[in-house]
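Open the model in your viewer, switch to a cartoon view and follow along, one selection at a time.

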Amino acid sequence: MDALKIIPQPIKTERLLLRSYQEGDEVSLFNEYCRDVGASKYLQRLAHTDIEQTQRMFENWAGTKWQNGAQEFSWIMSEKKSNIAMGQLMLINKEDSAEIHFGIGTKFQGEVS
């Protein structure tokens, strides 16, 4: 059975925007999420040590993979008001299932507004 083709699209909620990577996102993603040891505690990756590492990761997962219609991709999770990129929601589409991974900077965890 072929995997269901999922084409990434932006998703808006009252407070959040899930979207593709935009140039400049690497700054807030590095500062608020990727270099945060607490945010990477349960991830397969370690905390990032430089902004270029963050930029490469998101240009691929939430940029190139979006544009190429890959079976696995990531949304950038941003605050709707400020457009600050604070984390990611990743989809890994398989033949008969899908994995969903997400991560968000500890500064944003538990916030309710």
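Start by selecting Glu72, in strand 3 (residues 72-79): its bridge partner in strand 4 is Ile92. Strands here are DSSP runs of E with at least two residues, helices are runs of H or I with at least four, and both are numbered from the N terminus. Strand 3 and strand 4 pair in the antiparallel sense over seven bridges, where pairing requires that DSSP finds at least two bridges between the strands.

A word on the source: this is a predicted model, in which local features need pLDDT of at least 70 and side-chain atom pairs count only at pLDDT 80 or more, while totals for chains, interfaces and linings use all residues. Residues are numbered from 1 along each chain as its sequence is written, and side-chain values use heavy atoms, leaving out hydrogens and water.

Next, select strand 4 (residues 85-93) with strand 5 (residues 98-104): seven bridges join this antiparallel pair. Four residues lie between the two strands in their hairpin, and Leu89 has Phe102 as its bridge partner in strand 5.

Now move to strand 2 (residues 16-19), where Leu16 and Leu18 on one side and Leu17 and Arg19 on the other are all buried (under 20% relative accessible area, 1.4 Å probe, protein chains only). Leu16 has Glu79 as its bridge partner in strand 3, and Lys12 stands opposite Leu17.

Zoom out: five strands form an open antiparallel sheet in the order 1-2-3-4-5. Strand 1 and strand 5 stand at the edges with a single partner strand each, so one side of each has no neighbour in the sheet.

Methods. Buried < 20%, exposed > 50% of the residue type's maximum accessible area, 1.4 Å probe, protein only.
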